[in-house]
Amino acid sequence: MSQKRETRPAASAPSGPDDRSGPDTAPEAGHRRRLDLRADCGNCFGLCCVALPFAKSSDFAANKPAGQPCRNLQDDFRCGVHATLRDKGYQGCTVFDCFGAGQQVSQVTFGGEDWRTSKRVGREMFDVFPVMRQLHELLWYLTEALELERARPAHQEVRRALDGIEELTRADAATLAAADVPALRAEVSETLLKVSELVRAAVPGRKKNHRGADLMGARLKGADLRGANLRGAYLIAADLTGADLREADLIGADLRDARVAGADLTGSLFLTQAQVNAARGDGSTRIPATLSRPAHW
């Protein structure tokens, strides 16, 4: 997990501007922010390969407790089997995304001091990394929300949340470790729900509500899910071949092994790279321009 996965960009129409004044439009400001919310493994100390635990399963070839380096992690903090992770049984690594938390913790929170230098630093770093990852995930969603023209009435609320979380990401390790992340997530979730409702309200026709639904293995081939509420839905191994998912709210939806060949995900709300990586698409799958097409598709 300590190296970037090879991807290629997908084509899609950009989101519209918001009402931010000044020389930068929301998409331009959002683009700069998103660069900080993408994994820069060259400036990270392999934190995802050490801080996080995993269990032997179809996603991982071995057990590893939290705080113990993966056996594939090299001295330079790079993955020794990065090019063959799926062949070696580490599919779980290929669908992980830290949202840039790794380099933030490594280079900002701890000022470039790595966990091999000091056990004390290591313990603190491993505690902070999962917190930072969640904060950066929230920043990803809020950044997207500011770029949605139809969500303009909620933009002031979105900015307040974004500014507060960005300030927290620059705090020291002790402050970060003590952060009430569940409370933050709950607050941001309400804000993002307002954004979602504003955007989806403009989609014509009756929208399907599958919030939190168990749709594992569901046959949804060619389904019209435009503007649907799929927040937190279980879509594991669902057949979404050729489905229309434009403007569908996919925040927290589980897309592991979901078949999305030929599906249209352009304009879908709060879709992440991790979700895309976990799904099974192909060259005809349409995804948002802010995400990259996985090499394994």
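Predicted model: local features only at pLDDT ≥ 70, side-chain atom pairs only at ≥ 80, totals over all residues.
Helices here are DSSP runs of H or I with at least four residues, numbered from the N terminus.

Gln103 has its place in helix 3, which covers residues 101-109. Is Gln103 buried or exposed? Its relative accessible area is 12%, and buried means under 20%, so Gln103 counts as buried. Leaving aside residues up to four places away in sequence, Gln103 touches Asp36, Arg38, Ala39, Asp40, Asn43, Cys44 and Val108.

From here, let's turn to the aromatic rings. The structure holds eight aromatic pairs. A pair of aromatic rings is described by the distance of the centres and the angle of the planes. Take Phe60 and Tyr90: their ring centres lie 6.5 Å apart and their planes meet at 75°, so this pair is edge-to-face. Both residues sit in the loop between helix 1 (26-36) and helix 2 (91-94), and because they are 30 residues apart in sequence, the pair ties together separate parts of the chain. Phe60 and Tyr90 are both buried. Elsewhere, ring pairs link Phe45, Phe77, Trp115 and Phe126 into a cluster. Another ring to look at is that of Trp140, which has the charged end of Arg34 sitting over it, 4.4 Å from the ring centre.

Next, follow the chain to helix 5, made up of the 15 residues 155-169. From its first C-alpha to its last, helix 5 reaches 21 Å, close to the 21 Å expected at 1.5 Å a residue. Which residues of helix 5 are buried? They are His155, Val158, Arg159, Ala161, Leu162, Ile165, Glu166, Leu168 and Thr169.

Finally, consider the spaces in the model. The largest pocket holds about 810 Å³ of space. It is lined by 35 residues, and the closest to its centre are Val95, Arg133, Asp254, Ala274 and Gln275. Helix 2, helix 4 (119-146), helix 7 (181-201) and helix 8 (273-278) are the elements that give two or more residues to the lining of this pocket.

There are also cavities, where a probe fits but cannot get out. How many cavities of 30 Å³ or more are there? The count comes to three. The largest cavity has a volume of about 50 Å³, and its lining is formed by Leu245, Leu250, Leu255, Val260, Leu265, Gln275, Val276, Ala279 and Trp297.

Notes: Residues numbered from 1 in each chain as written. Heavy atoms only, no water. Expected span 1.5 Å × (residues − 1). Buried < 20%, exposed > 50% of the residue type's maximum accessible area, 1.4 Å probe, protein only. Phe/Tyr/Trp six-rings, centres within 6.5 Å; stacked < 30°, edge-to-face > 60°. Lys NZ or Arg CZ within 6 Å of the ring centre and 35° of its normal. Contact = heavy atoms within 4.5 Å. 1 Å grid on protein atoms, 1.4 Å probe; cavity = no way out; pocket = protein on both sides within 12 Å on 5 of 7 lines; lining within 4 Å. Points joined across faces, edges and corners; volume = space filled by probe spheres on them.
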